[in-house]
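Dear colleague,

I am handing over the structure below, and my notes on its aromatic rings and on one hairpin follow it.

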Amino acid sequence: MNRTTLSLIAAATALAAVTGFASMSAPADAETTTAGAAARLPVERTSRLCPAPSVSDVAETTYTSITPTGKGGADSGPAADAGGSAELRESTVTLAEPGGADDDKKDEKEDEKKQDDAAKGSAAAGKSFVTLKEPGTPVSAESSGASSPALVGTATGRFAPGWTTQQTTTVSVGGARGLLGMTCTAPDTDFWFPGASTERSRQDYVHLTNPDDTVAIVDIELYGADGAVKAETGEGIPVPARSSVPVLLSTLTSEVAPNVTVHVSTRAGRVGAAVRAADDAGGSDWLTSSGAPAGSVVLPGIPADATDVRLVALATGSADADLKVQLATPEGTITPAGHESLHVKSQMTAALELGDITKGEAGSLVLTPSSGRGAPVVAALRVVRGKGEKREIAFIPATAPIASRATVADNRAKGSTLSLTAPGASAKVKVTSSPGTGGGEATVETYTVKARSTLAVTPKAPAGLKGAYALTVEPESGGPVHAARTLEVPEDGVPMFTVQTLPDDRGTVSVPKAKEDLSILDDGK
């Protein structure tokens with residue numbers, strides 16, 4: 001008698017669309033509650049995309065990549081014996097921005113040829129750029145100049161759970177001067193970027209990177225203080241297979257708006273998206289996507305010496321949002337005088353000038369509904385350090401709490417600050433400093449974050465550190481925790497810095513377990 005077993009492929013497939021593939025057999029230590037409850041298993045595939053880092057000939061870029069170890073990581077469950085790899089490769093091509101300065105006849109022909117090559121599936125032509133050797137130990141690679149391409153990468157097997165790559169670029173002179181940092185993104189179909197601008201003093205590009213073998217079709221919508229901004233060319237932008245396209249926001253509309261929310265969505269395929277913002281007087285940095293729209297949001301990691309902070313928010317739905325504005329300081333949550341609330345109209349961008357809100361103590365902004373559940377919003381902060389010609393900008397998007405684990409790479413012996421925010425109950429958090437890219441031994445510290453406060457610490461570097469290292473944050477008990485890392489690299493009196501938030505790495509996936517035997521009998525008839 002043959003026995004045919006019904007599997008849970010449908011459930012796993014739906015989950016894989018977001019986080020990767022998980023093994024269907026639960027390990028002995030898989031996280032379950034009661035019999036029949038879902039088990040959390042390590043993902044078996046993770047994708048990451050890094051945009052072309054700079055247009056400056058003097059740009060110096062470092063990529064630092066790691067897969068963390070530990071609970072739910074590369075050394076637990078089926079992932080421990082799954083083999084696999086993690087590698088970032090050059091994209092097939094980075095195309096010139098539509099309507100930009102490079103659209104003369106020669107460049108048009110070159111772009112057409114590149115698109116044809118990409119359409120033929122020439123992904124293999126991209127050179128390997130960063131390859132991990134062992135989970136738990138970071139590796140790095142460097143690139144220089146304006147010709148550095150976008151990178152497309154995949155991690156499989158034991159390298160997949162929690163794989164992360166940091167892209168850090170230093171530009172010492174010129175209009176794009178600054179320290180530009182970002183955690184390379186996962187491909188998706190929907191992104192929100194509050195805090196962009198179409199002002200003449202800003203050069204903001206949306207970088208769209210397609211990791212797949214088919215063309216992606218992208219729409220870009222802009223929302224200003226009065227609602228949707230008319231954009232003549234933001235619909236149906238093709239992003240060829242394995243390619244990257246930068247789009248200058250000011251070419252999409254003739255309207256000049258100091259505060260704009262950018263909405264990127266795909267009609268077909270998926271992309272990675274990020275905004276490279278450059279201010280004529282304030283340097284440049286990456287603006288990454290805000291967390292999913294929510295009634296309450298947290299923006300962690302405002303530096304203690306911030307000289308100017310601007311909050312930008314958009315109500316994404318059909319209802320207005322009335323928000324209570326609070327600052328989570330080391331001593332607790334306060335309401336900043338004169339900035340107690342913000343009214344955000346439906347599908348309109350609102351801004352609130354907060355000045356030097358931190359007053360010498362690192363903090364995090366907490367936005368909650370003035371009453372009730374609240375309308376969903378997305379939000380980001382534009383943060384300035386320094387003054388006059390020595391000022392420098394960075395961005396902090398709203399980010400969700402760490403559900404299980406989060407990692408940020410490229411921490412240096414000096415200049416790294418980790419901010420941990422507990423907007424509700426107090427929390428106990430484990431922080432692991434990995435070995436360095438050139439050597440060292442991992443160290444582990446445990447911190448307690450007081451209720452409704454922000455704890456900013458200088459992380460303990462690994463013993464015998466050589467090179468850069470990664471920080472892995474794991475909440476152990478208590479309330480939700482939001483986190484961000486500030487990296488400072490001052491140069492010639494300019495306090496260059498960048499801030500990366502730490503969303504959960506989604507290194508595990510929930511796989512439902514059958515409450516009863518779902519097998520059926522096949523008697524051969």
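F129 is partly exposed, with a relative accessible area of 23%, whereas Y63 is buried at 1% (buried means under 20%, exposed over 50% and partly exposed in between, with a 1.4 Å probe and protein chains only). This is a predicted model, in which local features need pLDDT of at least 70 and side-chain atom pairs count only at pLDDT 80 or more, while totals for chains, interfaces and linings use all residues. Residues are numbered from 1 along each chain as its sequence is written, and side-chain values use heavy atoms, with hydrogens and water left out.

The structure holds three aromatic pairs (rings of Phe, Tyr and Trp, the last by its six-membered ring, with centres within 6.5 Å; planes under 30 degrees apart are stacked, over 60 edge-to-face and the rest tilted). In one of them, the ring centres of Y63 and F129 are 5.2 Å apart and the planes stand at 85°, so the pair is edge-to-face. It links distant parts of the chain, since Y63 belongs to strand β4 (residues 60–66) and F129 to strand β7 (residues 128–131), 66 residues apart; strands here are DSSP runs of E with at least two residues, numbered from the N terminus. The rings of F191 and F193, by contrast, have planes at 10° and centres 6.2 Å apart, so that pair is stacked; F191 is buried at 6% relative accessible area, and F193 is buried at 0%.

Turning to the hairpin, β10 and β11 have six residues between them, and G174 in the turn has a positive phi of about 95°.

Best regards

Notes
Helix = DSSP H or I, 4+ residues; strand = E, 2+ residues; numbered from the N terminus. Pairing = 2+ DSSP bridges.
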